[in-house]
Amino acid sequence: MVARETRAVEEESGKRLTLISAVIIAIIAYLIILSVVIVPLQGGTISSTDILADDLRESTAHYATSGVPIQSVGDISRSAVIAFAMLTHIVFANLHVGGSWVIIVTALLYFRYGRMRYKNLARSLTLFVLILFSAGSTFAAGGMMALIALFPDLSMNIFHLYWWPIFAYFLLFGVIITLLFVFWFAWDRIRPGVHLALGFGYAISVFVQTITIDTLAAGMLTPGVKSLTFTEAGLLPMTLDQAMALWFNPTLWELTFHRIAAAVAFFGFLIATLASIHYIDQKGFAAKKQWDWVAAYGIVWGLVGLIMQPILGQLYMTAIQENSPTAFMMAMHGPRAWAMLMMVTLLSGLFLTIGTYFLTRRDQLLSRPENRTIRTIFKGFLVMTAISAFVLIQPAWLGALFIDDPGAWINPIGGMSLKYVALFVMVAIGAAIAMLAVIILTSEEKEGQWGYLTRGSLLAAFTAGVLGTAIVNVMGFVREAARAPWTFYQIIPVPGGPAYATPLPLPVIAGVWLIVIVLSWVVFWYVAKVTAYHPLDEESV
Amino acid sequence: MTRERALTYAMWVVIAIYIGIAIYVFWYFGFTKLPSPI
Amino acid sequence: MTTQTGKTPPAPGEYDPHGDIKKIVGILAALAIFIIILYAYIIPLQGGFVSSTSIRSEDLLGADPRFEEQLPIQEVDLGASGRSIFIAFVMLTHILFANLHLGGAWILLSLIILYFISSKERYGHLGRSMALFNVILFSAGATFAAAGVLFFISLYPTFATQGFHIYWWPLLVEAILFGIEILFVYTLWFAWGKVSAAWHIFLGIGYALSIYFQTFAIDTFVSGMLTPGAATITWGEPGLLGMPWVDYLQWWFNPTLWPLQFHRVAAAISFFGFLIAFLAMLHFRDRTDPPSKKYWDWAGSFGILWGLAGLVIQPLLGIWYMYSIFAHQNQAFANIMTGPRAWEMLMMIGFLSLLVVTASVYFIERREHLLVKLGRHDIRNVFRAFAIVAGVAGFILVQPAWLGGIMQFDPGTWANPLGLMYYKHIAILVLIVIGTLIIGIDLLVLRGRRDEEWGNLSRASWAAALIAGVLGSWIVIVMGYVRESARSPWLFYKIVPVPGGQTYPTPVPPHQIFVVWMFALGLAFAVFWFTSRVTSYHPEQEEKV
């Protein structure tokens, strides 16, 4: 009976697939144009190893060497192995970097407001990330192993220099496992205060752990020192102030906060996608109500993370510009800029998808005649987002390697000033939608309206998760591409010269992205099947 | 002979064979291959 | 007829809730006295406190200088053996977790098969709990493994860069199998009861085989450290293979690969069996309702049988391994059998003997009531004879072969007339026979009758099972130390030394390794206990996860 009612409602309002289909087609179309037209026209097919060959040759920076020959991995190249291991690892690690905050806040909301749906969601999410902990650490261990075997000189140096932060990282592994597992297993068996403390402990431990590993991750791009000389033996391989400069390098905090916001957004959109899948899977109306609400909840979190990103990203980019200007030049004004264009396509795509999600929801807030104003505002939001997106995806130049090469055609609407405006507009709209969404989520009148998602909204929610994962993967590549052809900027090169050119060419990294996204989503879907809480029909959400 | 009894006999045979193998292995490695004391 | 404590036997239907605690006290006293004598007397008199670095200093001078560290050595603030202690702690703890899968997968498979053959619920319940236990603890094991990798590259960079290069392809295989075995064990857990018998068995076999091969892959590296495939490391050109294919095969499929592999699998099975017994005993104490007590009593017995089964196979595999070391790395053999590390083998064999004694005591106690009821005094006496004979065999086995010198054949050493290897071979055989016969008697003679007695677990048998659990785990981490000691002061034998020369002596000295053992056992058991509290099936209420 309920299913019939839902179907009737759907038929009345139409499936509303047009808008989201248009957004998805636009994203795909532009990605194709980017890959086929823009990338070659910005020198994107030429390796950084080639372009910066002079820098490589002239470098006199000292670092220790191992003397073992380069281990190749067939035609695929060593970088692809690392890319695969690390990008997959990040997808799973982000479940904790971002998910820990979403989970603990959701649990907090439960204890504060007493609504069962917060508890059920928090529980499902906790079990989800707990199960996937092994998956994440497997890729971390595998990545480390590959790093040592394929880049021995780099490994020798960095694991020595970053020994204490990485040692802390591993100790925190144990702390995190303990807190997370106890958080799950002691649910309902301990006082709420203690439970929340465990949860916050978990989130904070992950935060600190992210800082420790980011000393290395950020340091590879902005080392903070000019060369790696091991002047001391003992507890520290260099003087304390040098160690501090190395670990607390110029982009440590920028990268860390940028990643956390990204992870929160990623996790929010992940929830939305999984919820949309459950919505389709489950037949009972009570389940559909719940998953509708969960998807909306996830999207709010995604938005919250997303609107912080451009600001944090700019701070990061500025720090890179000041400390590794060549890297900045390659990534923004040179042959790696296409990766930033790709990122910004996905970002715009996400904002558009979210706008579409809200617009195509078949609910009374947006479709009753007296609410036409709100509906018009939302439409206006979408149009402005689309225009901003159009500005953001403009390549700043074409026809040369660098923007200030002679012979480069400068795109009149591709300048950064316009893009700053576009970004601001998008963020502002995103913030507005987020606030509206929160109101919708918490208003009591809304309660009767969960469960009526149109196909269009479902597809939008689903797309959000995939885009969120893709953007994380692309950003990982952006940092590597900015850093190429160095593994440790202007100190340790990628060994092997032109025979092992970096960064990975687009077809290869695109293949890696595809594998990573498919693999991780198969795992997510599979695990979600067993961790999700599904209410029975009689239960209220 | 029921199946259970047959199974029981079979397992005792297996145990006997294993003990035989153990003796052989120890004799082979311990007494002939590895150095004798003094 | 009186019970072993001299009191009148309980009436039929009753049982003696205490049993003969004196036997347990005896076992614990023997353990304590043995360790004290070892540390106070035997170790000092066999040069056990002298490092291999100093004993083999001449060999070390001949080491290829390109394998010395170029980077300054990273200290960890734990003294001269600090780095080794870091590795020891993380690797020994890792093994305790890894063995849950290496051994547990086979026991889990047996439970699945037994369940589908017999349709007895308890096999299914125990299997399901075990699957969840392993699923949860997978992360813990992986964390220690990854930490170990970090410690290797940070504390021993030259060794790590060379070693990871030689073993890149096996390590890649190992990493891939990591993913595959997660898939198998997680699927097995989540599909439990929801798929057909054939699927359960397929997943169970997949799980066991993937971890078997993963261990095999990492064992190429581990065994190669002791018996490297070449006299030195010679690199060729960059490419898919850093050296000729044939050379790689020598390194990977080196002379102690197979013995180590099988030795480890049997050890893991034994370890896991005794661990089940240990945890079952704790649950037995926890739960007060009769159905639970029956279940945990049975589970303990099930565990002890598996523990014993793995244990009786071990000496054969061990002597095979030892012979391989004798033949291919004779100096290492001398280190651990006729030299200053022999005390570790004494410790191991002492624990092994004590395990057989403890298992005998367990069965004496556990089956007492049933045997009296059945009138099988012959078996009662046989069990008692086993315990005594095992004790005598153990006494022979712990005899140091010499005292008063670093190597057995140094001038001036006193040769212990009771310490001949001939006697020890016979004594080990005796232990094997005893262990095998106990299994045979319990499984075959008493089958079908044991069910009547579940729940009537005396304190003594309860304690015996607990002791077996601890000893079964401790012996594993003693053996890990033995391999390291055999190899000291090398990382790759006679190729890559432990860097830093006399400033960083190896192996970890006896007192320090004892502390490491205590930490590793304490940590692992705390985690095991805590996890089993939530994974166990208890008859009176289903645990929902």
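## Which chains meet

Let's start with the pairing of chains: two pairs are in contact, and the pair with the most contacts is chains A and C. Please keep in mind that this is a predicted model. Chain A and chain B, on the other hand, do not touch, and 38 Å lies between their nearest C-alpha atoms.

## Where chain C meets chain A

Here 41 residues of chain C are in contact with 41 residues of chain A. If you look along chain C, you will find three helices that each supply at least two residues to this side: H6 (121-155), H7 (157-166) and H8 (168-191). Of the elements involved, H6(C) gives the most, with 12 residues.

What is the make-up of the side of chain C that touches chain A? Its residues divide into 25 nonpolar, 12 polar and four charged.

## Where chain C meets chain B

Turning to the other partner, the contact between chains C and B takes 17 residues from chain C and 17 residues from chain B. Two helices of chain C give two or more residues to this side, namely H12 (290-328) and H16 (421-445). The largest share comes from H16(C), which provides nine residues.

How do the residues of the side of chain C that touches chain B divide into nonpolar, polar and charged? You will find 14 nonpolar residues and three polar ones there, with no charged residues.

## The two sides of chain C together

To recap for your tour of the model, H6(C) gives the most to the side that touches chain A, while H16(C) gives the largest share to the side that touches chain B. Four charged residues belong to the side of chain C that touches chain A, whereas the side that touches chain B has no charged residues.

Definitions and conventions. Residues numbered from 1 in each chain as written. Chains lettered and ligands numbered in written order. Predicted model: local features only at pLDDT ≥ 70, side-chain atom pairs only at ≥ 80, totals over all residues. Contact = placed C-beta atoms within 7 Å. Helix = DSSP H or I, 4+ residues; strand = E, 2+ residues; numbered from the N terminus. Nonpolar A, V, L, I, M, F, W, Y, C, P; charged D, E, K, R; others polar.
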